[in-house]
Amino acid sequence: MNVQSVPQTQPADNLVEVRDVKKWFPVQQGVLDKLLAAGHQDYIHAVDGVSFEIRRGEVFGLAGESGSGKSTTGRLVVRMETPTAGTIHFDGQDITTLGGDELRRLRRRMQIIYQDPMASLNPRMALGEAIGYGLKIHAPELSDAERHQRAIDMLEKVGLSPAQFFYGKFPHQISGGQRQRAVIARALVTRPSLILADEPIAMADVSVRALLLDLMNQLKREFNLTYLFITHDLATAKYICDRVGIMYLGKLVEVAELRELYSHPLHPYTQALLAAVPVPNPHKRRTQAMPEGEIPNPIHPPAGCRFHPRCPLATEECAVEDPPLRALRPDHTVACHHAERFL
Amino acid sequence: MTTTTADKEVLIQVRDFSLIYKTRLGPLSAVDHVSFDLYKGEIVGLVGESGCGKSTLGKALLRMAPPQAELTGQILFQGQNILQFDDDQLRDFRGRCVSMIFQDPMTSLNPVQRVDQHLIEAIQVHEPRTPVAAALERARALIGRLSIQERRLKDYPHQLSGGMRQRVMIGLGLVLNANLIIADEATTSLDVIVEAKLLDQFRELRDELGITVLMITHNIALVAEVADRIAVMYAGQMAEIGSVYEVFDAPRHPYTQGLLASVPTISLDERAELFKMGGEPPNLTHPPQGCRFHPRCPQALPICAQREPALQPVAGDHLVHCWLYQTHASQGAS
């Protein structure tokens, strides 16, 4: 795990800067609802005021439970979604409202790897063709032979060797791990700077996971990549992330370097999340009780701190005042009124 | 660790059980000559990678198998071979003795039936003479035990959270006093905190009601967290079985060793790199000769490619299916 030692003050070191970004999705209403509600519209507060930066060359992890907004945040960063409010900068450029050709040009530099490679690959397209397809769009000047060569090179790089053999294979003819390698190859063929990896190894078996993590680490070094790694699995995050942000109900509750976060979690939610992760050692079974209830409805999120209805430390202040992210330790910010007691 | 299996009551005995799927590509040996016991009041984790036969084996314990599958061997429940049950015996066995929970509770629950209707139906199917009021009373008592509020009985499945739906599924099993719950990836789609609470629930059921839980999962850390024993399957065969303490502390089968070393762990003091196991599981229409793991095994002996080892004890009730621990091995090696 190489920890990035870039000074935070130089804005040029940040590949991505996200400031106060919100994404609200309107709740679909039936005809009757519309008549009765008379102009009232509910929103799902999927992402509700999130700020962070992704430093060049790092793996920034976003972790949280389902419904925390981590995937939506990822989609906002690569502009698959347009924010409701806030700004997003990529490599110094404001991309918050970019559209059309400008957005397409940007896409060459940011690629996505999803959880299910079978759903990401066209079942009727040979792997080599699928990998070269991105170049057709982003590098139309290349000849067919050049494109073929680049796809072959990329297949070798992701360990699908001999590449000539895999070039003509279809997704159903190869294993799940090999499919995910093909998806990685397709993402890298346009030479992106940022990879959004949304649960890229969640479906793989443990032995395959280790290989994919290793591949992602190795490619990151080779291609100078920056990853936004979205995961619900904090144990997996340990093997790839440099820094981690914990999300809860549309808010970022804590951000720190990985070892710092795992050894000194300051937010009660982060503490619960870390304690809940099962450890493969029967001598170290969990003894802590888990917080009450489950993640609330994002249409009407709780006022104040969103975790307060489940929080063992909650006071009156927590029900009223939404805690801002505060830097309480070096390179470690947390959004909790009571975090001081864990310092 | 402290209790030995000798003083425990056997609930299910699986003896030399095989399941072969007839496919267009020929017979596929999904479960191959597996033998093991399940005791009363224990939690056993059945682990392995996709396609190792763990789900097939779990379903087979309820005799759920597609018609084109060929089942041989014995599955004895209280001395009776369930493979020979007729339809009535089987229906009774499935509800009252064993129940199963799957990964996605939404596909197991009826979306247009309320929770109380589910529970009452389950009771009345098996005990037709039970009046509704009595059935409802049992449902109420049960739901409280599973930490679901009573008003939730009037909810439809879509109104419940994922964790609550799984609790209702557990409830459907318990309402008839089943003594074995087979949980097939039952916590996989849940978030860690909800999952942790469900594990606590399994532990409680075992401690208070003496329920046996067979937890089928790909998540080995879960097994360390909650199970008494662990059974590791590879390519349709039982590779290793023993108490979680013995197996996690000193895994014997090279596959178990590799598997455990490739499990991510959150503790910072442990190794920074995961073990990377070479190769892939075999195609079960043409499994390798001898030990099915030998083509991937870093410690393979000449005999491993020729003859299959037996599942034999290495210590107490810790059994391993590997030539490294059997007498033939030394002869074959030298």
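Student: In this predicted model, which helices do the buried residues of H4(B) pack against?

Tutor: The buried residues of H4(B) include B:Val115, B:His118 and B:Leu119. B:Ile120, B:Ala122 and B:Ile123 are also among them. In chain B, their packing partners are helix H2 (87-97), helix H5 (132-145) and helix H6 (162-174).

Student: What span should helix H4 of chain B have, and how far apart are its end C-alpha atoms?

Tutor: The helix covers residues 115-126, which is 12 residues. The expected span is 1.5 Å times one less than the number of residues, so H4 of chain B should span 16 Å. This agrees with the separation of its end C-alpha atoms, 17 Å.

Student: Which strands of chain A pair with S1(A), and in which sense, parallel or antiparallel?

Tutor: Strand S1 (residues 14-26) of chain A is joined to strand S2 (residues 43-55) of chain A by 10 bridges in the antiparallel sense, with A:Val21 opposite A:Val50. Five bridges join S1(A) to strand S4 (residues 85-90) of chain A, where A:Arg19 stands opposite A:Thr87.

Student: Which are the edge strands of the open sheet of eight strands in chain A?

Tutor: The strand order in this sheet is S6-S7-S8-S3-S9-S10-S12-S11, with mixed pairing. An edge strand pairs on one side only, and in chain A this applies to strand S6 (110-113) and strand S11 (326-329).

Student: What is the average twist of that sheet, and what angle does helix H8 of chain A make with S6(A)?

Tutor: From one strand to the next, the twist averages 25°. Helix H8 (residues 176-188) of chain A packs on the sheet and touches S6 and strand S7 (194-198) of chain A. The angle between the directions of H8 and S6(A) is about 170°.

Student: Which residue is the bridge partner of A:Phe60 in S9(A)?

Tutor: Strand S3 (residues 59-63) of chain A runs parallel to strand S9 (residues 243-248) of chain A, and four bridges join them. Within S9(A), the partner of A:Phe60 is A:Arg243.

Student: How many nonpolar residues are on the side of chain B that touches chain A?

Tutor: The contact involves 35 residues of chain B and 35 residues of chain A. Helices H7 (192-209), H8 (220-226), H9 (244-249) and H10 (254-261) of chain B each give two or more residues to this side. By class, it has six charged, eight polar and 21 nonpolar residues.

Methods. Residues are numbered from 1 along each chain as its sequence is written. Chains are lettered from A and ligands numbered from 1 in the order in which they are written. This is a predicted model: local features need pLDDT of at least 70, side-chain atom pairs count only at pLDDT 80 or more; totals for chains, interfaces and linings use all residues. Two strands pair if DSSP finds at least two bridges between them. Two residues are in contact if their C-beta atoms, placed from the backbone, lie within 7 Å. Ala, Val, Leu, Ile, Met, Phe, Trp, Tyr, Cys and Pro count as nonpolar, Asp, Glu, Lys and Arg as charged, and the others, Gly among them, as polar. Axes are lines fitted to C-alpha atoms, for helices over the stretch in contact, and angles run from 0 to 180 degrees between N-to-C directions. A residue is buried if 20 or more other C-beta atoms lie within 10 Å of its own, exposed if 12 or fewer, and partly exposed in between; C-beta atoms are placed from the backbone.
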